[in-house]
Amino acid sequence: MESTVSQTETQYFKRFPLLSDYPKKFVLKDGREVAIRPMIKEDVEALYDFFSKLDPDDKMFLRDDVSRKETIIKWGENLNYDVVLPIIAIFDGKIVADGTLHASNYFWTRHVAEIRIVVAKDFRNLGLGKKIVSELFFNAVKRGFKKVIAQVPFHQLNTIRIFESLGFEKEAILRKHIMIKGKGLADLLIMSCFTDKVIQNLKVSI
Ligand SMILES: CC(C)(COP(=O)(O)OP(=O)(O)OC[C@H]1O[C@@H](n2cnc3c(N)ncnc32)[C@H](O)[C@@H]1OP(=O)(O)O)[C@@H](O)C(=O)NCCC(=O)NCCS
């Protein structure tokens with residue numbers, strides 16, 4: 001089934017200069033097509049449904065408790081793309097991935113942004129995680145963030161691969177920093193990318 005990209009949505013995102021090319025279509029490795037766009041307040045129900053179906057381990061790295069519907073309702077009410085930019089993927093009316101770009105809350109790290117991503121189990125290994133991460137990353141570059149980071153469980157090779165393919169490097173390991181259900185404490189890897197390097201590479205390739 002094709003993803004739906006409505007005219008109303010197309011008009012809505014024209015209000016935001018850096019988001020005016022949304023919604024976009026993206027073809028997965030299995031040929032299915034999803035729509036990709038920032039979350040809007042009408043997505044609350046579908047986003048809650050998406051989080052409800054995730055394994056508890058897949059929700060652990062999120063900042064808020066997404067098992068509470070009030071959390072998602074608050075996100076919908078307080079949407080501010082400059083503070084948190086949530087990009088979702090939609091297939092057949094359902095949300096199948098959610099990635100976020102977080103501007104730093106602290107004054108002395110205001111040049112730093114962080115990316116988080118989660119993809120529905122049955123949509124993994126189809127290129128969707130990488131697509132959403134790259135959408136968020138290039139938004140961070142366009143907004144002038146100097147450094148973008150991601151916090152990745154040290155053993156999670158697929159996530160590391162996604163970030164490395166975009167130019168991120170392993171920067172630090174926080175030992176026994178996260179708790180994985182059934183596995184105990186595990187190391188957390190901080191990956192980072194300095195955006196001036198990316199801009200330089202883009203200039204060279206033009
Ligand atoms: C991490 C996650 C977002 C990846 O999403 P995805 O849609 O499956 O990712 P993609 O299909 O775009 O890319 C996965 C990459 O990992 C590679 N990969 C898969 N298994 C791998 C493994 N065991 N070792 C190394 N690479 C692996 C794939 O080949 C692919 O790389 P390629 O595009 O170069 O072939 C998804 O697994 C997820 O939601 N995990 C739970 C939440 C989480 O841990 N998020 C990360 C915190 S920021």
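Leucine 136 touches Leu85, Ile87, Gly99, Leu101 and Ile115, leaving aside residues up to four places away in sequence; contact here requires C-beta atoms, placed from the backbone, within 7 Å. Together with Ala89 and Ile132, Leu136 has the most contacts inside the largest nonpolar core, a group of 42 residues. Such a core is a set of buried Ala, Val, Leu, Ile, Met, Phe, Trp, Tyr and Cys residues joined through C-beta atoms within 7 Å, and buried means that 20 or more other C-beta atoms lie within 10 Å of a residue's own. The model is a predicted one, in which local features need pLDDT of at least 70 and side-chain atom pairs count only at pLDDT 80 or more, while totals for chains, interfaces and linings use all residues. Residues are numbered from 1 along each chain as its sequence is written.

Next comes the sheet. Eight strands form an open sheet with mixed pairing, in the order β1-β2-β3-β4-β5-β6-β8-β7. Because β1 (24–27) and β7 (169–180) stand at the edges with a single partner strand each, one side of each is left without a neighbour in the sheet. Neighbouring strands are turned by 25° against each other on average, direction ignored. Helix α5 packs on this sheet, touching β1, β2 (33–38), β3 (84–91), β4 (94–103), β5 and β6, and its direction makes about 160° with that of β5.

Strand β8 (residues 184–194) pairs with β6 in the antiparallel sense over seven bridges, where pairing calls for at least two DSSP bridges. Proline 153 is bridged to leucine 188 of β8, and lysine 147 to phenylalanine 194.

Finally, the ligand has 22 residues around it, of which Arg124, Gly129, Lys130, Leu157 and Asn158 come nearest; membership requires a C-beta atom, placed from the backbone, within 6 Å. At least two residues of this shell come from each of β5 (112–119), α5 (128–142), β6 (147–153) and α6 (157–165), and α6 gives the most, with six.

Note on methods: Helix = DSSP H or I, 4+ residues; strand = E, 2+ residues; numbered from the N terminus. Axes fitted to C-alpha atoms, helices over the stretch in contact; angles between N-to-C directions. Contact = placed C-beta atoms within 7 Å. Buried ≥ 20, exposed ≤ 12 C-beta atoms within 10 Å, placed from the backbone.
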